[in-house]
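Good morning, colleagues. Please take a moment with the model on the screen before I turn to its charged side chains.

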Amino acid sequence: MTQIAGYFRGTVLGCLKFRTRGIVMLGSESRTKSRSTRETAGEDLMKEFQQLRADVTSLAESLQRYGALQAEDLATRAKAVTGEAPDEALRTIQEIRQRMEALQKGLEGDVRAHPLASLAGVLCLGVLVGLLFSRRN
């Protein structure tokens, strides 16, 4: 049992000494090497982080310029569209007004020609609307 415990203890200690860059020696020379390697790796990591920060800042500035150009383009398009909109809206309103006047004149002529039929039609329409709104569920 003691031999098995010693074996596991040695294996665990061996695993703890294993690093991704190789097995760390217990001598002072290898510790110095690993520290300088760690310091170099840390400096490299800091340089890469600073470069990444600069790249992200540059990307943000580029996106800001792009957004400003898109907003400017959209404003120009909106001005062009709204410049044409009032004229077209006025034409549409005039066209609708003419159609309504023609419909009103035609309806007045039909009511004058057939007053009893018009009255019966309006009465039926009133009854139907009344039935629809008076239903209670």
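Is Arg77 exposed or buried? Arg77 is exposed, at a relative accessible area of 53%, where exposed means over 50%, buried under 20% and partly exposed in between, with a 1.4 Å probe and protein chains only.

A word on the source. This is a predicted model, in which local features need pLDDT of at least 70 and side-chain atom pairs count only at pLDDT 80 or more, while totals for chains, interfaces and linings use all residues. Residues are numbered from 1 along each chain as its sequence is written, and side-chain values use heavy atoms, with hydrogens and water left out.

The structure contains 2 salt bridges, a salt bridge being a side-chain nitrogen of Lys or Arg within 4 Å of a carboxyl oxygen of Asp or Glu. One joins Arg77 to Asp73, at 3.3 Å from N to O. Asp73 is partly exposed, with 33% relative accessibility. Both residues belong to helix H2, residues 28-113, and stand 4 residues apart, about one turn of the helix. Helices here are DSSP runs of H or I, at least four residues, numbered from the N terminus.

Arg99 pairs with Glu95 in a salt bridge, and their closest N and O atoms are 3.0 Å apart. Arg99 and Glu95 also lie in helix H2, 4 residues apart, about one turn of the helix. Arg99 is exposed at 58% relative accessible area, whereas Glu95 is partly exposed at 40%.

Finally, which helix holds Glu43? Glu43 lies in helix H2.

Terms used
Helix = DSSP H or I, 4+ residues; strand = E, 2+ residues; numbered from the N terminus.
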